[in-house]
Protein chains: 4
Amino acid sequence: MRFLSDNAASVCPEVMEAVVAANVATDSAYDGDPWSKRLDDTFSDFFGTRCRVFAVSSGTAANSLALASLVPPFGAIVCHREAHIEVDECGAPEFFTGGAKLLLCDGDHAKLTPESVATGTAAMRGDVHQVQIRALSLTQATEYGTVYSPDEVAALAGMAKSRGWRVHMDGARFSNALVHLGCHPGDVTWRAGVEVLSFGAIKNGGMSAEALVFFDESLAEDLPFRRKRAGQMPSKGRFNAAQLIAYVESGAWQRNAAASNGGARRLAAAAGARLTHPVEANEVFVDIGSNGDRLRAQGFNFYDWGAAGSGEARFVVSWDQREEEITALAAAFAALE
Amino acid sequence: MRFLSDNAASVCPEVMEAVVAANVATDSAYDGDPWSKRLDDTFSDFFGTRCRVFAVSSGTAANSLALASLVPPFGAIVCHREAHIEVDECGAPEFFTGGAKLLLCDGDHAKLTPESVATGTAAMRGDVHQVQIRALSLTQATEYGTVYSPDEVAALAGMAKSRGWRVHMDGARFSNALVHLGCHPGDVTWRAGVEVLSFGAIKNGGMSAEALVFFDESLAEDLPFRRKRAGQMPSKGRFNAAQLIAYVESGAWQRNAAASNGGARRLAAAAGARLTHPVEANEVFVDIGSNGDRLRAQGFNFYDWGAAGSGEARFVVSWDQREEEITALAAAFAALE
Amino acid sequence: MRFLSDNAASVCPEVMEAVVAANVATDSAYDGDPWSKRLDDTFSDFFGTRCRVFAVSSGTAANSLALASLVPPFGAIVCHREAHIEVDECGAPEFFTGGAKLLLCDGDHAKLTPESVATGTAAMRGDVHQVQIRALSLTQATEYGTVYSPDEVAALAGMAKSRGWRVHMDGARFSNALVHLGCHPGDVTWRAGVEVLSFGAIKNGGMSAEALVFFDESLAEDLPFRRKRAGQMPSKGRFNAAQLIAYVESGAWQRNAAASNGGARRLAAAAGARLTHPVEANEVFVDIGSNGDRLRAQGFNFYDWGAAGSGEARFVVSWDQREEEITALAAAFAALE
Amino acid sequence: MRFLSDNAASVCPEVMEAVVAANVATDSAYDGDPWSKRLDDTFSDFFGTRCRVFAVSSGTAANSLALASLVPPFGAIVCHREAHIEVDECGAPEFFTGGAKLLLCDGDHAKLTPESVATGTAAMRGDVHQVQIRALSLTQATEYGTVYSPDEVAALAGMAKSRGWRVHMDGARFSNALVHLGCHPGDVTWRAGVEVLSFGAIKNGGMSAEALVFFDESLAEDLPFRRKRAGQMPSKGRFNAAQLIAYVESGAWQRNAAASNGGARRLAAAAGARLTHPVEANEVFVDIGSNGDRLRAQGFNFYDWGAAGSGEARFVVSWDQREEEITALAAAFAALE
C-alpha cells in the first residue's frame, strides 16, 4: 500500500477527460490555442482578481521561474531550512536565477514566523559584499503538512514588503491547504500579500501541468521569455492548459484534496501521541519507533524521515487512496507498541 | 486549412491511448515507474545499440540539455546559421550551457557541409581569448525540410571527431528524415558518428514528450542532475515515457511521417519550379510571389518566409492533414500565376 | 621591434607615480579611500556631465559588466562581427549576462552603420521564441583603428533609442579616438547618446585599471553588486583609482594617444596604397603580400591578419614606441616590393 | 588607529619595487612576459612540488575560479557557516560555478572538524533531487584568526577524498597561518591533501594580485579559459606576476606575517580572558562589553562583531601597524572595566 508520495497517484477523471478532449487540431501551436488563451480568465475567476497564468511542466520549474522573476543574480531568497526549493530541487532556483542564494530560516513544523525570519536574516547587511534579500518564499502546505493561516501569511508578507522583498508561495499542495483553511483562495494569497504562486495540480490528481500564477502582472513581464528559454513552453500547450482548467473549474482540486486530507486526519487520529507534526493537509509524520520493518512487512510503503534511526516516518495520503488502505494503516498505527 | 506548423496537429491514437493506459497509480514517482524504466530498452531496440534515454517536455529542453552535456561554459557549438537552436529557442542553449556560444556556418538548404564548416570556423583559434569549439549540432530534417544522408552525416561527424568535437543531432523531425531515407535508424545516427540525439515526437503525432537519446552512455552521466535542475523531471514521468514508447513501438513514428512526407511530395509536385528548396520531409517552401493574399483568401494558413516581400512561403504538412486539404493546396499551387 | 600590441607597452610616468604615491595606509579598504571616492568627480569633470565610475581590472571586465547592466539573460546585443566582445573575450559577455546573445552586423572597416544594423537585425522578431535586442555596442576606435564621428555615433545611438535599445561604447582605445576627433569627450559619448562607456587606459600608458563610466546613473544601480560578485572590487582599490585619476587629470591620455596616433600616421603615409583600412588611431593594417618573413627578419614583430595567406598584417603603435622604430618600419614599408 | 582590516594597509617595499621594476616594455602582452612565465617555478620552489599558478585581481576571484574548476553547476561545496565565500563575496562562488550551492557546517572558532562536516552533510543524498557535494573548502587562517594544523587539514582532506570531494583552501591569510605553524608550506597544503589554494598576498603587504595555486595540474586545464572569461587575465600581466614573485621570493610574506601575528599576540596577552577566540594569526576578537564608544573615543577603529549588542569586537593587526598603536591598544585592553 503506497504511502510514499502523492506524486505516484493516478490522474483524476476530469483532468484525463480534458486531455482527451483537447485532442483536436488547432489553428496555432504553443499558447495560441483556445485552452491556453482561457487560462488567465479561469484563474482570475478562481482567485477573484486579475491574474496572469503560465502552465509549466513541474513544480520545480514553477518555483524556479517564479524566483527568477523576483530576484537578480546577486539576490537572496528567504525560505525555511526544509523548503523544497532548498532541499529537493537539485539547485534549480540557483540555475534559473543565475546564482542567487537561498537564506535558510527556522520554525517549528517547517513554518516560518516573523520572528524566525528576523533572527535568520539579522546578520545580513545591505553592503556590496553580501547578496541582497529580495524575496520571501513560503510553502503552503509546508514540507510537514502544516498550513499557514491567512493572518500568518499576511504577517510574513507584510514584513517582507516593509523590507522591500517580493513574496512567493510554493503551493505544490496548495489545494490541500485551501481545503484545510476553508477560506477563499484570494484570502491566503493576494489579499494576504502573495505576489506569485506556484499552484500545484500534479500531486492532487493532475497529470503533467502546474500553474504559475502572477497576481502582480507587472512581475510577469519577462516570464514568457524565461519560460521559453527554459524549454517550458511546449508546442502543444493546449494539453497542459486543458488540465489546469479542468482541475480548477470542475472542482476536482477541492474534492481530491478533501479526500486526501480526510484520509490523513483518520491516520492522525489513529497515530495519536505519536504524531510529530500537526496534520493539516495530507501528510502524516509519525514516530514509529522501531516498528518500521513490521509496518513494511504488513505491506505499507513509506519514507523514513529525519536522521537515521530517529524512528520518524512520513505517510502521504493520495487523492485516490483506497479507503481500505487508510483503514489498514490506521489499524496498524493503533497497534504500534 | 492549417499549413502553419505540424506543432498544432492532433495527437495520434496510439500515443493518446498510451497516456490513458498509463493512468494507474504506481509504486513510485518520477522515473521509478515501469514505463520510465522501459525507455532505455525501447530505444535501444529501435536503434540497434545500447542507449540511455530521457523524456523531456520540449524540443528546446532536449537540445539544450544535450548541448549542456557536451560543452563547457567557455565552449562553442557549430551549427547552421538557420538552426532552430540559434533562431528560435530564445537563447536556451546559452542558458543551459552557462553561456556557451553558437558558431554559425552556412550551407544551401540549411545543410552544413564539411567545406562550409571548415570555412565558417577557419578564424577560430585555440588560444584563451576565444571560446573553444567542442560540439557540432546537425538538424535532421533541416529547417528547410532537407535531409542529410548517412554519408553526409558521417562526413560531418568524422570531421568533428578529428577535431575533438562532440556530435549532436537535433531531430525534431527525425522520423520524417528517417522515412525519407528509408534506412535503419542507426545508420544515420550512431553508426554515422552521432553521440546525442534529440528525437522529436511531438510534431509527428506525439503530445508532450520528446526523447533525449545518448548513444555514448558516458556522456549522460551528469544529465539526470541537469534535467532535474531544469525542472524537466516530472513527478508523473510515466505519462511522458508511455507516449515515447507507444510512438516508437507501435510504428506510429513511421506511419505518421510517411503521411506528412507524402502530402508534402504531392504539394511539391504541384509547386514545381516554384519550390525554393528540395522537399524531402514534410515542409514545402514555395515562391508564391504576390499570391499570398489570394491563397489566404482561399483559406490557407501558412507563414511568409525570408525577408519581407521575398514572396517565399512555408507550408508544413501535418501527419493528420486531411487529404482534401492537400488536394486543395496542390490545386492552388498549380493555379498560381 | 614590437608592433604586436599596445598591450605590451610600458606604464607612463604619471600613472606609475600615482601608484607609488597611493602607497599610504588608509582608513578603509575597498572603495572607501580618498582616491576611489574622487573617481566620479574626476570623470564628471572630464566629460562635462555627472558620471558614476567604477575601476575594473581589464577591458573584458569593463565591457561585460556594462553589458550585464544593460540586458537581461534573454537579451541580445548588437555589435560588429569583428568586435572584441565577440571575437576575443572567450565568451565573457555571455558569462556576465547569464547567457545573452551577440547579434553580429557588418560594416566596412569594422564600423557599423544604421543601414548595416537595420539589415543585420531585420529578421529578429519580438516574439517569445527569440532573444530580444536590448543594447547596441560600438567600438571606439574600432578593431581596425577607425573612428566614429560624433554624428555617426549619434545616428546609431538614435536608431538604438528609437527601438528601445541601450547604448554601450567599448572604448579600449577611446583616447586614441578622441585625439583623432579633436572634440570634447562629451561630444562623442553622452551628448551623442552613449549611456555606458568602457574607457580604456591600459593600452595607452595605464597599468592595471580600466574605467567603467555610466552617464546614466540609474543604470549603475546593480553594478556595485555585479562588480563585487565578479571579483572586480579589489581590497586596495586606491591603486586602481589612482591610476585612472592620474591618467585623466594629468593629460597623459592625450599626450600618449597623440604619440601613438602620430606614429601610426607616419607608417600610414609610408604604406600608401597598401593600407587596407584608413588609419585614424594607432593601428595600421597593411597588405604586405609575401613580405612577412622579410619584415620579421628585419626585426619587426606583428600579427598576420585575416585569412591565412591573405597577405594582410596588423601593426600597432604604442604610446612609448621609439621614434627610430617608426622610422625603420616606415622605411621598410616604403621598400616593399 | 586603524584596526579595521589588513586590507587597508600599505604595500610593502619589495612588492612596490617589483611593480616599478616591471615597468619595461615587453615583447608580448597578457601572460607572455618573463614574470608571468616564472610564476609556476617560483611557487613550485616555495611549495616543494610542481604547481600551476595564476595571478588574479582579488581573493574573491581566486576562490571562485578555484571552486568553478572543482564542481559542476549542480555541485555543492562544504564550508564553514562563517566562511568568506559564504558571507562576504556577494554570491561570487554561485556566479562562477553556474549556480552550485554552499553547504554550511559548524565548528568552534570557525574551524570545521570531521565530525562537524559529517553532521552537517548527513542529510545529503546522492539522488537526483539534490545537489551533489563535490568539494570541501577550508579557510586558513579562519575568519576568527584560528589556524588548522597539518594534521587537522589532513584529517578533513582525507575525509573529503574518501567521499570523492575535491579540497580547496582559501588562504587569504595563508602567510599568517604558515608563520604561526612554523611548518613547510607543503605540509599544510598538498602533503595534507589540498588540491587548490587561494594564496593571498594583498592583506599581507601585496598590492593587487593574489595567487591561485593548483597542486594537481590536471584540475587547472579549464582555468585559463575561465579566467579570461571572467575578465581576470589583464593585458599587462607582468605587474601582477611581479608582485607575487617578490612577495614569495623576498621572504616578505614571512616577515610581514610575523609582524602582524606578533602584534596580535601582544594584544591577546593584554585582552586575556576577554578573548573570544584563540589568537593564532593577526586577528583579535575581544569581548569589550559596553566599552565600544570609549575605545573609539580613544581613536581606535574596529568592527563590532556578532549580533548587535553582543559586546564582541574584531581588531585586525596589519603588517605595517605601528608599534605604538599596538602598545596603545594593549593598554586600552588592560584598562577595560
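**Reading a helix and some ring pairs**

Q: How far does helix H10 of chain A reach from its first C-alpha to its last?

A: Helices here are DSSP runs (H or I, at least four residues), numbered from the N terminus. The expected span is 1.5 Å times one less than the number of residues. H10 of chain A (residues 238–249) has 12 residues and reaches 16 Å, close to the 16 Å expected. A word on the source: this is a predicted model, where local features need pLDDT of at least 70 and side-chain atom pairs count only at pLDDT 80 or more. Residues are numbered from 1 along each chain, and side-chain values use heavy atoms.

Q: Is H10(A) mostly covered or uncovered?

A: Buried means under 20% relative accessible area, with a 1.4 Å probe and protein chains only. In H10(A), 11 of the 12 residues are buried, including Phe239(A) and Tyr247(A).

Q: What describes a pair of aromatic rings?

A: You use the distance of the centres and the angle of the planes. Rings of Phe, Tyr and Trp (its six-membered ring) pair if their centres lie within 6.5 Å; planes under 30 degrees apart count as stacked, over 60 as edge-to-face and the rest as tilted. Phe225(B) and Phe74(D) are stacked, at 5.0 Å and 10°. Phe225(B) lies in helix H9 of chain B and Phe74(D) in a loop of chain D, so the pair joins two chains.

Q: Which class does the pair Phe46(C) and Phe199(C) fall in?

A: Their centres are 5.8 Å apart and their planes at 40°, so the pair is tilted.

Methods. Chains are lettered from A and ligands numbered from 1 in the order in which they are written. Buried means under 20% relative accessible area, exposed over 50%, partly exposed in between (1.4 Å probe, protein chains only).
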